[in-house]
Amino acid sequence: MDMNRRKFLLSTAKLAAAAAAIGPAVMSIPAIAEGQQDAPKAPAYPFPYAEIDPDVVRQPAYEGYFENGCCYGVAKALLGELSAKVGFPYTMIPPEMFANGKEGYTCGTLCGALGGAVGVIGLCCEPEASRELVKKLFAWYTSVELPIYQPEVEPPVHTVAPSVNCVDSVTTFMTAAGVERKDPIRKRRCGGVSADVARKTIELLNIHFGFAEEPVVAPVEETVAANEYIGTSSTSRGEMKVKVTMDGDKIAKIDILDSSETPGLRDGAFNTVPQAIINAQSTEVDTVAGATESSKAIMEAVKDALSKVKK
């Protein structure tokens, strides 16, 4: 009994000592919690935006590409300016979290430069507005000859990306330039595209938040040769406009001049249907899975153009 009693007393003493040791730490918890009440709180979503000069983000985005890829480069440039202009909470977002967008998120899908831009747009715009800006950014990306910004050496060619996917954008350029992926020309091109995307993103955000006005685009007079014909059709998203070039009584070429179809979703139809019509010499061709409405719109627009061919 004496032995058991001594063990009990010894255990009790140890517990008491341990409690005394952790006492200050336990007592300090309310103080820490109280101090946290004074810590800066994240503002309500979406985060604030301040006017930014579109040109200042180009070089940081270009350099960022060579550090950790295009997605990181764009995010670093945009977050850097927002951190300088707005401060918290942008100062708490590490651009390294965007490094996984490199090389089309490692599998050639969405261009990482666009991915970085999309992420930042989503931070400072409501979801509906964010989607509209993304749509405009993607439409610009697939309609403009890139790269625009090349601070080192002028590229041998400028190309229009057939889709928003990295593999399509890069392959189109490499084929036209006659270079491989590891070639410095290709790397400078992607650095430049990062700069271009960053600049366009700021331009769109400045317009959205009222710091700049939407550029007025003068209507372009369509001039067509004697063997060229314009045709239009409508979809749930707007108008489709094509130009059909005839070689005698045969369809020689089909150009899509304007479309409200969603970039990315429309790509299969745009890349397949015109050539299918030329091959078949008929507008009655198969639609593309996932782009049925776009496919039909191209066929209807071509049919409209053909109706104007003089018999």
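Analyst: First, a cut-off we'll need: a residue counts as buried under 20% relative accessible area, as exposed over 50%, and as partly exposed in between. Keep in mind that this is a predicted model.

Let's start with the helix pair. Two packed helices are described by the angle between their axes and the distance between the axes. For H2 (residues 58–68) and H3 (residues 70–85), the axes come within 7 Å and cross at roughly 140 degrees. H2 and H3 are therefore oblique to each other, and the crossing of H2 past H3 is right-handed. On the H2 side, the residues in contact are Pro-60, Ala-61, Gly-64, Tyr-65, Glu-67 and Asn-68; they meet Cys-70, Tyr-72, Gly-73, Val-74, Lys-76 and Ala-77 in H3. Sorted by class, that contact has seven nonpolar, three polar and two charged residues.

Now on to the loop between H3 and helix H4 (102–108), where Pro-89 is found. A cis peptide bond joins Phe-88 to Pro-89, with omega about 10 degrees.

Then comes H4 itself, which holds Glu-103 and also Tyr-105. Glu-103 has a positive phi, near 55 degrees, though it isn't a glycine. Tyr-105, another non-glycine residue, has phi near 55 degrees. How accessible are they? Glu-103 has a relative accessible area of 43%, so it is partly exposed, and Tyr-105, at 30%, counts as partly exposed too.

Further along, Pro-147 sits in the loop between helix H6 (127–141) and helix H7 (166–177). Leu-146 and Pro-147 are joined by a cis peptide bond, with omega about 5 degrees.

Key
Residues are numbered from 1 along each chain as its sequence is written. This is a predicted model: local features need pLDDT of at least 70, side-chain atom pairs count only at pLDDT 80 or more; totals for chains, interfaces and linings use all residues. Side-chain values use heavy atoms; hydrogens and water are left out. Axes are lines fitted to C-alpha atoms, for helices over the stretch in contact, and angles run from 0 to 180 degrees between N-to-C directions. Helices (H or I, at least four residues) and strands (E, at least two) are DSSP runs, numbered from the N terminus. Angles under 35 degrees count as roughly parallel, over 145 as roughly antiparallel, 65 to 115 as roughly perpendicular and the rest as oblique. A crossing is left-handed if the near helix is turned anticlockwise from the far one by less than a right angle, and right-handed if clockwise. Contact means heavy atoms within 4.5 Å. Ala, Val, Leu, Ile, Met, Phe, Trp, Tyr, Cys and Pro count as nonpolar, Asp, Glu, Lys and Arg as charged, and the others, Gly among them, as polar. Buried means under 20% relative accessible area, exposed over 50%, partly exposed in between (1.4 Å probe, protein chains only).
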